[in-house]
Amino acid sequence: MSPQSPQTSGIGESSSSNSATPGVISLSRFATNTPITIASTTAQPRPYNATLTPNLSPLRPHCLARDRLRLWCPVQARSCLDDTGSLVNISDSDIDRIIVVLAHSHAATTRETYGSGLLIFHVFCDARDIPEEQRAPASPILILAFIAACSGLYSGKSLENHFYAVRAWHLLHGLPWLANHDQCTLALSGGKRLEPDTSKRAKRAPFTIDILIAICSTLDLTTPLHAAVYACLTTSFYTIARIGEFTVPSLRAFNPQCHVKVSDLRYDVDRHGFCVAVFHLPRTKTSRVGEDVYWAAQSGLSDLQAALSNHLAINHPSINAPLFSWQHHTGLRPLTRGEFVKCIQSASNKLKIGSLKAHSLRIGGTLEYLLRGVLFENVKTMGRWSSDAFVHQENTQNAIALVTAI
């Protein structure tokens, strides 16, 4: 059997062209490590906030928040000893690779969130003169003291993120996590009750079709940016998508393996004979292999096909360009989340309808389909929720309550 045959696992097998003893793994496969690609970036870390500046330490280089879990090292390095105290014959590069692989278990946004939490933990330790050897592995009392110190300063959700950031850092570097689960659960619950009023978000009103039409009235759809924004707005609403799935974080962040391209759009016919637009999302928050979202043409002023066709006609993005690229005077640009939010906020200011949040699009799309009588389970499938967790979101509960009251 050829070594390339899909039936060959390579573990405990030998190929027909190799005379190695059966049951012995060929060393050639592991003679060199397969490179792991780490997304390159030209971004530079921002200066620390004046109230969150850690003491200088060679263990904690100034780096991007998303790299802190990996690059900030505890004074006690990962051990190469087995349970009997014998040295395992692995190299420093093997250890480095372990850390990189473990770091990839978290999405980039999670690594950034945890990086912020890790910074707060070390600033707390600096303020309490906690020596490096006591920071990791951190004792149960130190973890409780950290939670208690943050309580009243941060929201309950942020407090949990800070706690799990420290835990992730310990696990990444092979150190035992000694925190007492029951006591930490109580402390986090207490911290949530003590969260400051300033950390509580105002309720986010959902987008509606009337709001979409009103926003359209403030835009000039003959201009490249507004054409792209409105097409993205209507598509995100009717596909119940996260706005980050159709925009990019920054101008240089476009990755064809992660972000939607023009080539990811196709048209299909559903079982009722209606034409639907299908958008393949190459990678999502919950799926590394991507997912499909779709919408059917709508009549009236919120006609998404007209909005999408107008955008493509005005901006002429190439087949491999980001779907909602727009023509800037310097050339074709991907639509960033920041630019999108800025345009929508400008429109809401003109309309005097208050602040519109990006997540309200997803809530609004959910509400619209429920109001049309689409079954709850079908809406759940369209929104790609794998569980009923979204039902417990406050704004979704409000939407469901509204539907059931009608």
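Q: What should I know before starting?
A: The model is predicted, so local features need pLDDT of at least 70 and side-chain atom pairs count only at pLDDT 80 or more, while totals for chains, interfaces and linings use all residues. Residues are numbered from 1 along each chain as its sequence is written, and side-chain values use heavy atoms, with hydrogens and water left out.

Q: How many residues does the largest nonpolar core have, and which have the most contacts inside it?
A: In soluble globular proteins, nonpolar side chains tend to be buried together. A nonpolar core here is a set of buried Ala, Val, Leu, Ile, Met, Phe, Trp, Tyr and Cys residues joined through side-chain atoms within 4.5 Å, where buried means under 20% relative accessible area with a 1.4 Å probe, protein chains only. The largest one has 47 residues, with Phe 207, Ile 215, Leu 233, Phe 246, Phe 279 and Phe 340 making the most contacts inside it. Several elements give two or more residues to this core, including α9 (224–239) and α11 (337–351); α9 gives the most, 9 residues.

Q: How do α9 and α11 cross?
A: Two packed helices are described by the angle between their axes and the distance between the axes. Here the axes (lines fitted to C-alpha atoms over the stretch in contact) come within 10 Å and cross at roughly 90°. That makes α9 roughly perpendicular to α11 (65 to 115 degrees).

Q: Which residues meet there?
A: From α9, Leu 225, His 226, Val 229, Cys 232 and Leu 233 meet Glu 339, Phe 340, Cys 343 and Ile 344 of α11, with contact meaning heavy atoms within 4.5 Å.

Note on methods:
Buried < 20%, exposed > 50% of the residue type's maximum accessible area, 1.4 Å probe, protein only. Helix = DSSP H or I, 4+ residues; strand = E, 2+ residues; numbered from the N terminus. Axes fitted to C-alpha atoms, helices over the stretch in contact; angles between N-to-C directions. Parallel < 35°, antiparallel > 145°, perpendicular 65-115°, else oblique.
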